[in-house]
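Biologist: Before we discuss particular assignments, may I see the model and ask how each description was reached?

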Amino acid sequence: MHARPLRAALAVACALVAGPAPGDPAPPLRVCADPDNLPFSNQRGEGFENRIAEVVAKDLGVPLSYFWWPHQRGLVRRTLGEDRCDVLVGIPRDFGPVLATKAYYRTTYVIVSRPELGIRSLDDPALKRLRIGVHLDTPPWAALGERGLMANVRGYPLMFDWRDSDGTRRPAKVLEDLRDGAMDVAIVWGPMAGWFAKKNALRLAIVPVPDGGRTPMSFEISMGVRKSDAALKARLEGAIDRQGAEIEKVLADYGVPVVAAKGAPP
Amino acid sequence: MRRAPALAGLLASILPCAAHANDEILKLSKDDGQWVTPSKNYASTRYSSLAQITTRNVGKLKEAWSFATGALRGHEGQPLVVGTTMYVHSAYPNYIYALDLTREGAPILWQYTPKQDDRAVPVACCDLVHRGINYADGKILFSTLDGQVIALEAATGKELWKVRNADPAKGETMTMAGLVVKDKYIVGVSGGEFGIRGFVAAYDIHDGRQVWKAYSMGPDEDVKLAADFNRANPHYGQAGQGTQTWPGEQWKMGGGSTWGWYSYDPELNLLYHSTGNPGTWNPTPRKGDDKWSMTIFARDPDTGMARWGYQMTPWDAWDYDGINEHVLVDLTVKGKPVKALVHFDRNGFAYTLDRTNGTLLVAEPFVYVNWAKGIDLKTGRPIEDPAKRTKEGEDTKDICPCAMGGKDQQPSSFSPKTKLFYLGTNNMCMNYEGVDVKYTAGAPYVGANVLMMPGRGGHLGEFIAWDATTGKKAWGIKEPYPVWSGALTTAGDLAFYGTMDGWFKAVDARNGKLLWKRKLASGIIGNPITYLGPDKKQYVAVYSGVGGWFGLPVAAHLPGHDPYGALGAVGIAYKSGLDKATSVGGTLHVFAVESDRTAVSSR
């Protein structure tokens, strides 16, 4: 894959143009990214978080460097905590272990099904007789439990290890099962669904799970830095403000379903 | 200096069909000069008839020698002494050493480092601990954090076979000691947090072939329910409930891991083990009893078939993992002699059951408990306080005991002299708080915040003596930290235990009077043992090395700013001052009473 060296070269070139004087190279934007978790990121730079990192680094006029670590248990401790990198590109704004920037988009868990099924809510009576695939411990998992709908629910692991060759344990498995007819409905995190439908050119109804229950379904997404790193937070927020349109374009490219902020009109 | 056991092991390896390994273990475990199985004997009493060290001379106990394991995470478990060799293990990366007790300073005979998959590290729940190794038939048998079961030649450390029992890529790890029964090494699995389905499996000690595997939930053939399962107590649950007590197919990720201590009654030919909390963590989507999570099982070790099963905590909502030890003793309860099984559960209740058929005889709280008002002896079910049942999205305050339990895995000891049980306990409560946004692999999800705090009285632990026939505490010694070490009792009327801040203590087993204490290199979460050296002198040995769930923040240098870190341990561990009381370590300490003669032997 030649895309990444090209982008890296571009980043360096930009740094030369916009960075500080020669002989005093700007320290890079050190991003903590998952090495193999599309549509978010991968080591080839193919994810939308890779793209957003590039947009931000370019705006700040610094080169971009990565520390690759799977976004699993111990993520913050092994990345920001050990000073291997400085920024997590996409984390929920309320994620406790980090200092979050202002949110730069909001997305949601979505109900994915064939359009003719017309499922628009978790209270649709049809869900009682349909096969539903959901990631374990996610808000829709809990919401289905509250509705007593677990009899038809299959749980899929959300945590996975990128070195595991067992593809059935990857988060996309639930969407593959929907595509292949093994599931009627998948209720998953919006960016996964939007990208899967777009990549496979599938005609699927992707409907936000309505908020309002005990557990939130939509989340604001921010960048995360160390709690002590208020200066970097401010720099990132500057870039987010200046590059809003660029970031929106990247999200649209990947089919990320962006929803309005809570309380705002849809 | 080599004694008979080595010869017995040799014979057994020449004649693998002539005698079962447990005949050898039964014989060896009767010799209190040795410590050949993790809990001292199949009954798991952790009691020794050795009486050179007594209440009178224990004040002169001195460290004879010590040995650094080379690992610096929590050191649970205990070494073994077989013949004149001591077998020592460590926390991850699970080093194994054979030390020669016949030579001064106990030099290393051999050392073995298992090759491990480091994917196991991030999925290990509560520190990278290991609870010990087994000896049988001239072999050392143990498991690794990354899920391998390995047999080494005891004399040389040569690897004889290894097989995979658990898969860290699926969230499965191994931390238990397991148990050799007959020609099988019986082990389980950790990882109840990751949507696994727990099981126990038996491996042929000669070649590592899996002989049987019994799941904690699912169809009866998977759980291996015998035809007469629960015949004496049908109300405990019967055939079909391993799936029927779960919505839909939720049993497929039902948890029920099996990382605790196992016991065996050779006369009844029953293996006793229990299962942990049901998965996934949020109780709402798995509404129902979730059988057979949180269950004490009695199984035929030859086939794995379950003869009875008693579930302690139906539809768990507190993480009261049911995996603690089972001590098999003959007691007189309400005037009747009974073959008893005594189990101190995380849920705060001490259970005395008839181990022949599972009948519940006594169930009383051994710590302050408020999630249930008691256990109904007729139905076997807890009488819950509905206000203390946790729910996602709601704050449930002041639940006692906390998720770490009235006690965690730290095994108890039973002294036939006093007829009392001795155990370290926790005195902590918890708030199970609201909606907590977490994040993994690109997606936010929602978990609970668990905040732990001191229980009534403000101390975090207590070492207690317990009468299992009446369900009453005889005496207790309050400790500033949870008592996370096991207990040892001896015919010298002594009870030994260690504290999280590193004090190794000997108390009078009759009244709890402190007779001796020594501050060790690091906090103690290991289990003391005693044995006779080749010099016929009694020694007491224990690991130091702080860690475990409570000690993890110190063992792993976790940052202190997030009180909910390490599943709620960070806040209370730092608040208690543990990081100032001790530091990381991994050392075996061996003690003896200093005689008038010089301690240097002439060998």
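**Assignments and their grounds**

Modeller: A340(B) stands opposite D354(B) in strand β21(B). The model is a predicted one.

Biologist: What makes β20(B) and β21(B) paired strands?

Modeller: Two strands pair if at least two bridges are found between them. Strand β20 (residues 336–344) of chain B and strand β21 (residues 349–354) of chain B have five bridges, in the antiparallel sense, and therefore they count as paired.

Biologist: In which sheet do they lie, and which strands are its edge strands?

Modeller: The sheet is open and antiparallel, with four strands of chain B in the order β19-β20-β21-β22. Its edge strands are β19 (327–333) and β22 (360–365) of chain B, each of which pairs on one side only. From one strand to the next, the twist averages 30 degrees.

Biologist: Why are β7 and β10 of chain B said to stand at the edges?

Modeller: An open sheet of four strands in chain B has the order β7-β8-β9-β10, with antiparallel pairing. β7 (134–136) and β10 (159–164) of chain B each have a single partner strand, so one side of each is without a neighbour in the sheet. The twist here averages 20 degrees from one strand to the next.

Biologist: How do you know that β9(B) is a partner of β10(B)?

Modeller: Strand β9 (residues 148–153) of chain B is joined to β10(B) by five bridges, and the two run antiparallel. Pairing requires at least two bridges, so these strands pair. Within β10(B), E159(B) is the residue opposite L152(B).

Biologist: Why is α6(B) called roughly perpendicular to α7(B)?

Modeller: Helix α6 (residues 548–555) of chain B packs against helix α7 (residues 565–575) of chain B at an angle of about 70 degrees, and their axes are 8 Å apart. Angles of 65 to 115 degrees count as roughly perpendicular, and therefore the term applies to α6(B) and α7(B).

Biologist: Which residues make that contact, and into which classes do they divide?

Modeller: From α6(B) come W549(B), F550(B), G551(B), L552(B), P553(B) and V554(B), while α7(B) gives G565(B), A566(B), L567(B), A569(B), V570(B), A573(B) and Y574(B). Eleven of the contact residues are nonpolar, two are polar and none is charged.

Biologist: What makes A106(B) count as buried?

Modeller: A106(B) has 23 C-beta neighbours inside 10 Å, so with the cut-off at 20 or more this residue is buried. It lies in the loop between β5 (96–100) and β6 (108–112) of chain B, and has a positive phi of about 50 degrees although it is not a glycine.

Biologist: Where are cis peptide bonds found, and what is omega for each?

Modeller: One joins L38(A) and P39(A), with omega about 10 degrees; P39(A) is in the loop between β2 (36–37) and β3 (41–42) of chain A. Another joins C400(B) and P401(B), where omega is about -5 degrees. P401(B) has its place in the loop between β25 (396–399) and β26 (413–415) of chain B.

Methods: Residues numbered from 1 in each chain as written. Chains lettered and ligands numbered in written order. Predicted model: local features only at pLDDT ≥ 70, side-chain atom pairs only at ≥ 80, totals over all residues. Axes fitted to C-alpha atoms, helices over the stretch in contact; angles between N-to-C directions. Parallel < 35°, antiparallel > 145°, perpendicular 65-115°, else oblique. Contact = placed C-beta atoms within 7 Å. Nonpolar A, V, L, I, M, F, W, Y, C, P; charged D, E, K, R; others polar. Buried ≥ 20, exposed ≤ 12 C-beta atoms within 10 Å, placed from the backbone.
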